[in-house]
Amino acid sequence: MADWTEQTARAKAWFEGLRDDICAAFEAIEREAGSEASFEYTPWTREEEGNEDPGGGVQGLMKGKVFEKVGVNVSTVKGSFSPEFAGQVNGASAEHPGFTATGISLVAHMTNPHVPAVHMNTRFLTTQAAWFGGGGDLNPPIPYEEDTEDFHARYRAACMAHNPTYYEKFKKWADDYFYIPHREVHRGVGGIFYDHLECEDEAAFERNFAFTQDVGKAFLDIYPQLVRRRMNSEFTDADVATQLEYRGRYAEFNLVYDRGTLFGLKTGGNIDAILMSLPPRATWS
């Protein structure tokens with residue numbers, strides 16, 4: 001396996017910087033709403049038998065006036081996949097189970113039902129292969145066409161700056177991925193999702209890293225705009241009921257289908273960090 005130590009360190013530093021910028025932006029919104037809520041950061045260390053340096057991460061969590069619950073997690077872990085899981089991961093096998101993974105993962109559940117919930121993550125993984133993945137998707141309990149269009153337009157611009165085929169390809173990937181088969185509904189109004197942007201050499205790493213950085217910047221640019229647009233909207237008990245039912249669908253997807261949840265559980269991740277995506281309240285009719 002090629003040595004991607006330097007590249008992993010660069011990606012890790014970028015993800016941590018993006019975390020800091022996002023958390024500062026979200027805390028600024030809380031201040032505008034008259035709230036002193038701030039992120040609480042909890043470091044965690046991964047454990048793996050026989051591994052002296054398994055890595056770990058930091059879970060960032062804030063519960064405020066605008067953000068009912070938002071988690072922004074960063075982690076960098078390395079070790080070996082279990083034999084039964086190794087064959088399911090790009091570039092890994094029972095004979096070559098080693099991996100490293102670094103990334104940022106964010107989920108925000110909002111107090112006001114008119115403010116869309118959101119998910120974003122970007123990551124860099126290495127096995128016998130090396131690749132980037134990630135994306136962002138909007139999850140409004142009460143959709144607004146304007147919000148959907150603006151969210152997609154910002155990601156479209158990020159994609160078009162790198163490859164004219166990316167947006168349509170990655171939009172479809174998100175539509176296909178964030179779908180709940182047993183409900184026959186999509187989890188939200190989509191966005192982009194990509195995986196296995198292969199880094200065959202240094203040039204490919206730089207190209208895919210630049211794109212992944214722009215995906216993170218696009219999120220930081222557009223989502224706070226949408227929050228500010230809706231956070232002071234009046235809402236009713238019926239709106240809250242709609243929100244809680246929608247959150248039930250969100251929880252179903254993350255627990256039954258989400259690959260990131262499975263990856264975290266299969267690689268000895270921090271349980272609280274893995275399940276921070278679950279909403280603070282939800283209902284099932």
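Is Glu6 buried or exposed? Glu6 is exposed, because its relative accessible area is 56%, and exposed means over 50%, buried under 20% and partly exposed in between (1.4 Å probe, protein chains only).

This is a predicted model, where local features need pLDDT of at least 70, side-chain atom pairs count only at pLDDT 80 or more, and totals for chains, interfaces and linings use all residues. Residues are numbered from 1 along each chain as its sequence is written, and side-chain values use heavy atoms, with hydrogens and water left out.

**View 1. Glu6 belongs to a negative surface patch.** Patch residues have over 30% relative accessible area and no salt bridge; like charges are joined within 9 Å, and nonpolar side chains (Val, Leu, Ile, Met, Phe, Trp, Tyr) within 5 Å. Asp and Glu count as negative. Each charge is placed at CG of Asp or CD of Glu. Glu6 sits in helix α1 (residues 5-32). Helices (H or I, at least four residues) and strands (E, at least two) are DSSP runs, numbered from the N terminus.

**View 2. Leu255, Val256 and Tyr257 make a nonpolar surface patch.** The patch covers about 280 Å², an area from the Shrake-Rupley method with a 1.4 Å probe. Val256 lies in helix α6 (residues 237-256). Val256 is exposed, at 53% relative accessible area.

**View 3. Glu206 and Arg10 form a salt bridge.** A salt bridge is a side-chain nitrogen of Lys or Arg within 4 Å of a carboxyl oxygen of Asp or Glu. Here the closest N and O atoms are 2.6 Å apart. Glu206 is in helix α5 (residues 202-230) and Arg10 in helix α1, 196 residues apart. Glu206 is partly exposed at 31%, and Arg10 is partly exposed at 32%.

**View 4. Arg123 meets Asp195 in a salt bridge.** The closest N and O atoms are 3.6 Å apart. Arg123 lies in strand β5 (residues 117-126) and Asp195 in strand β9 (residues 190-198), so the pair ties together parts 72 residues apart in sequence. Arg123 is buried at 18% relative accessibility. Asp195 is buried at 9%.

**View 5. Arg230 and Glu146 are joined by a salt bridge.** The N to O distance is 3.4 Å. Arg230 belongs to helix α5 and Glu146 to helix α3 (residues 145-160), 84 residues apart. Arg230 is buried at 11%, whereas Glu146 is partly exposed at 43%. A network of salt bridges links Glu146, Asp147, Asp150, Arg229 and Arg230.
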